[in-house]
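Dear colleague,

I am handing over the structure that we talked about, and it is placed just below. My notes on what was found in it follow, and I would be glad if you read them beside the coordinates.

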Amino acid sequence: MPLEKSFSPLPLEELCLLAVIRCLETDLILCEVARGLQANSLLLRRRDLSTARISEELREYLAFLPGTLSEMVRQKITNKVLKKYAKMSQPQTPPLGLPLHTMTVRLLEIVLDDEVQTFDLSDFQPVIRTAQFRPQPGVPEVWELVLDRCCGLRKFSLPPLLCTTLGINMSGFLKSLAQQCNKLTEIVLKDAVHDSRVLAAIAKNCPCVRLLDISGSNISCMDILFLIFPVSAKISHDMKAPQLAKLKLLAMQSTPFPMTSLNGLCATMRDLILTNTKVRALGAYFALKYMPNITSLGDFVFATAVLKKLSQESKNKFALKQIFYRGPSCEKVKLIGTSCPDLEILHLGSDDAKRLNFKQLSKLPKLRKLTLELAFPVDIGPELAHLSQLCELQLQVPNVDVGLIVESCPLLQKLVLTHEPLKTVSVSHDKEKPLLLHLEELQLECQISLNAAALLLTRAPQLKVVKLVRIKKLTDRVLREWLEINPFEHLETWLLGYSQLTIRSVSRLLDHCPRLSTLGRLSGWDVRSWESRRLQRTWQEYQINLVHFSHKQNDVAQIMDATVSSDDETLQ
């Protein structure tokens, strides 16, 4: 039975932060009201009620805190303000009439300081720009505050499609940000970089960058050179092409450059995310050649083509921990196994029926997550025995034998199937013996037979999350038998799309699963509307979320066209 709803108070730290924010909001609103009465008041007329003055007075209340405590308080208040007003562009107004975006800007004026190290706008949800392409309310003011007061930033993050949605050009702001905040180590600029001079400014002024996410940006292969070689960020468009031609000649030389002649981030860069950009094999070649510590290029299609070229020039191993490869070449798979000993995440895809040789991957002892995307049925069960250390497995392969997968990967913690597996399963163990002792999350984004579902749901005693589309011929009696074998003591989420289960199964799951907090999708079950309403009333005092409708997410990789292969690109 789910836990009853508890009304325990928030932690003292949380209450204090909320109280401080509430006091600041109240003062700002009172000053706004007083400013409207200032012209008709003798007392108020003598006071300076300007926004700058009020913000300065309120900032003094935070100035008395000691160094470490001040840094922590300012950062936590900043995080709460940004999270609370993540939808500040929505047409909402607080009771006293001060717009939300104005309140956000005023609060940030008070809190932001050199001690703030993280400015994360990744949850910001702007509305679609108007027909007049007006700037988003509050956004320009926020950029000015960041440039003026946040010189100590370590992390800066923007949400995807911010520039496109708001209809604004952020190149000037991003170049100024790199100049003002030279201590940045993590920069997330999804869909935001449309000028290579932004990369030049980052490379010149931020020598300690470890993560640079420019996925979705309008960046080409040659623009990567601005990250490697020292170039002025003020280079004109007329001089850009000749400068890039000279840099390309330097980069293609076989003689290695000393690290002192390159930009400082070449030695510190760990993650350079190039997903959904115009960068191809040549750009990644420059990055991996001159940034030897890179561990990830994101879901970058042409990484293996670069590995092949660099392995011909040098026998050094690569530090990559994540690779995306799509193609029929077993030689490329062998190259991955021999040249990337620290690999942890691997995506393999192919439209060819050629059998992949997993034995080459047995040289990857640190591999923990594997995604297979094969267009034709392949018997992969025996091959997976060479990867028994896997903790997460996602299969986009039709007609796989679930039994062989279970026996080959006993350490799985997460299993995702997107294509319907075989109806029959092959298991050599006792039917009552648990096999998936570590499995915590199971996602079946396809229909599955009763035998395959029984194997997965009755042999995994540690299951916490179960998301299913449909189990054929699943009835109340079958579910009752499964619960007798595996009582789901750790189950927290159960989402099943289409089934013949009735209100009896709903009650049985609620009674037998003490940690259950999410149950659905009841609209696809044989549950009447009046039964659903009664269910809501019965369990309203418990910590249970009864989901009736949900939208299926697209989990198919959208990073490339279905016809694109990792072997299509050559280095030129």
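Asn 399 is partly exposed, with a relative accessible area of 39%, where partly exposed is the range between buried, under 20% relative accessible area, and exposed, over 50% (1.4 Å probe, protein chains only). Asn 399 sits in the loop between strand 9 (392-396) and helix 16 (402-408), and its phi is near 60 degrees, a positive value in a residue other than glycine. Helices (H or I, at least four residues) and strands (E, at least two) are DSSP runs, numbered from the N terminus.

Please keep in mind that this is a predicted model, in which local features need pLDDT of at least 70 and side-chain atom pairs count only at pLDDT 80 or more, while totals for chains, interfaces and linings use all residues. Residues are numbered from 1 along each chain as its sequence is written, and side-chain values use heavy atoms, with hydrogens and water left out.

Asn 276 lies in the loop between strand 5 (271-273) and helix 13, and with a relative accessible area of 46% it is partly exposed.

As for the chain as a whole, it holds 20 helices and 15 strands, and buried residues make up 49% of its 572 residues. Of the contacts (heavy atoms within 4.5 Å) with a separation of 6 or more, 69% are between residues 24 or more positions apart.

Leaving out residues up to four places away in sequence, Trp 494 touches, among others, Leu 457, Phe 488, Leu 516, Gly 520 and Trp 525.

Gly 520 is also joined to Arg 521 by a cis peptide bond, with omega about -5 degrees, and Arg 521 is in the loop between strand 14 (518-520) and helix 20. In helix 20 (residues 529-538) the buried residues are Glu 531, Ser 532 and Leu 535. They are on the same side of helix 20 because they cover an arc of only 100 degrees around the axis, the arc being that of the directions from the helix axis to the C-beta atoms. Their cover includes helix 19 (503-512) and strand 15 (545-546).

Elsewhere, the axes of helix 8 (residues 171-180) and helix 9 (residues 196-205) come within 8 Å and cross at roughly 5 degrees, so helix 8 is roughly parallel to helix 9, a term for angles under 35 degrees. These axes are lines fitted to C-alpha atoms over the stretch in contact, and the angles run from 0 to 180 degrees between N-to-C directions. Among the residues that meet are Leu 174 and Ala 178 in helix 8 and Val 198 and Ile 202 in helix 9.

Finally, Ser 339 in helix 15 (residues 330-339) counts as buried at 6% relative accessibility. Apart from neighbours within four places in sequence, Ser 339 is in contact with Leu 307, Lys 317 and Phe 318.

How values were computed:
Parallel < 35°, antiparallel > 145°, perpendicular 65-115°, else oblique.
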